[in-house]
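Me: Got a model open and a few things to ask about it. Can we go through it piece by piece?

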Amino acid sequence: TAGNITFINASLANVTHLNVSLVNATFTNVTMKNYTFINGSAWNFTLNNVTMTNCSFINATLTNHTLLNTSLINATYSNVTMKNYTFINGSAVNYTLFNVTAANITFINASLANITHLNVSLVNATFTNVTMKNYTFINGSAWNFTLNNVTMTNCSFINATLTNHTLLNT
């Protein structure tokens with residue numbers, strides 16, 4: 001159990017968090033490679049100007065997870081519950097969600113490529129000023145799913161339930 005954790009101007013590799021509870025964790029100006037978070041929880045987990053390569057969240061609960069000016073490369077969320085997930089001024093490539101329940105999800109000024117949502121439930125998801133390429137949504141549901149000023153190329157929704165799906169300037 002760790003509270004009030006701060007990493008600034010750091011380079012981290014092969015980091016594993018197993019059965020860890022984080023409260024108020026902040027990473028600023030950090031490069032992370034091979035980050036694994038298994039069977040844990042994080043509350044107020046902020047990444048600011050972070051590059052993460054090969055990161056996995058498995059059997060995790062994330063509340064108030066904020067990513068600012070952050071780049072994700074090969075990110076996987078499996079069996080995860082997310083609440084209040086905010087992604088601003090960043091990019092993600094090879095971003096996979098599997099068996100995820102997510103509420104209050106916001107992407108602003110983001111570039112996303114190769115995004116897969118498999119068995120995902122979204123509630124109150126908003127994408128604003130986002131470019132998305134190769135987006136696949138399979139066997140999931142979305143309620144209050146809003147796209148505002150979004151460009152989507154090669155997007156597929158398969159076996160999905162969409163309720164209150166709004167596309168503005170998209």
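Me: Is Cys-55 buried or exposed?
Reply: Cys-55 is buried, at 1% relative accessibility. Buried means under 20% relative accessible area, exposed means over 50%, and partly exposed is in between, with a 1.4 Å probe and protein chains only.

Me: And what does Cys-155 count as?
Reply: Cys-155 counts as partly exposed, at 38% relative accessibility.

Me: How many disulfides are in the whole structure?
Reply: The search finds 0, where a disulfide is a pair of cysteine sulfur atoms within 2.5 Å.

Me: What sort of model is this, and what are the ground rules?
Reply: This is a predicted model: local features need pLDDT of at least 70, side-chain atom pairs count only at pLDDT 80 or more, and totals for chains, interfaces and linings use all residues. Residues are numbered from 1 along each chain as its sequence is written, and side-chain values use heavy atoms, with hydrogens and water left out.

Me: Fine. What is the secondary structure of the protein chain?
Reply: The protein chain has 0 helices and 7 strands. Both are DSSP runs numbered from the N terminus: helices are H or I with at least four residues, strands are E with at least two.

Me: How are the strands arranged?
Reply: The 7 strands form an open sheet in the order 1-2-3-4-5-6-7, with parallel pairing; two strands pair if DSSP finds at least two bridges between them.

Me: Which strands stand at the edges?
Reply: Strand 1 (2-18) and strand 7 (161-168) do, each with a single partner strand, so one side of each has no neighbour in the sheet.

Me: How many bridges join strand 4 to strand 5?
Reply: Strand 4 (residues 71-88) and strand 5 (residues 91-138) run parallel and are joined by 15 bridges. Leu-72 stands opposite Ala-92 in strand 5.

Me: Switching to His-65. Where is it, and is it buried or exposed?
Reply: His-65 lies in strand 3 (residues 41-68). His-65 is buried, with a relative accessible area of 1%.

Me: What does His-65 touch?
Reply: Leaving out residues up to four places away in sequence, His-65 touches Phe-45, Leu-47, Phe-57, Tyr-77, Lys-83, Asn-84, Tyr-85 and Thr-86. Contact means heavy atoms within 4.5 Å.

Me: What share of the contacts in the protein chain comes from residues 24 or more positions apart?
Reply: Such pairs account for 0% of the contacts with a separation of 6 or more.

Me: Last one: how much of the protein chain is buried?
Reply: Buried residues make up 35% of its 170 residues. The C-alpha trace of the protein chain spans about 40 × 25 × 20 Å along its principal axes.
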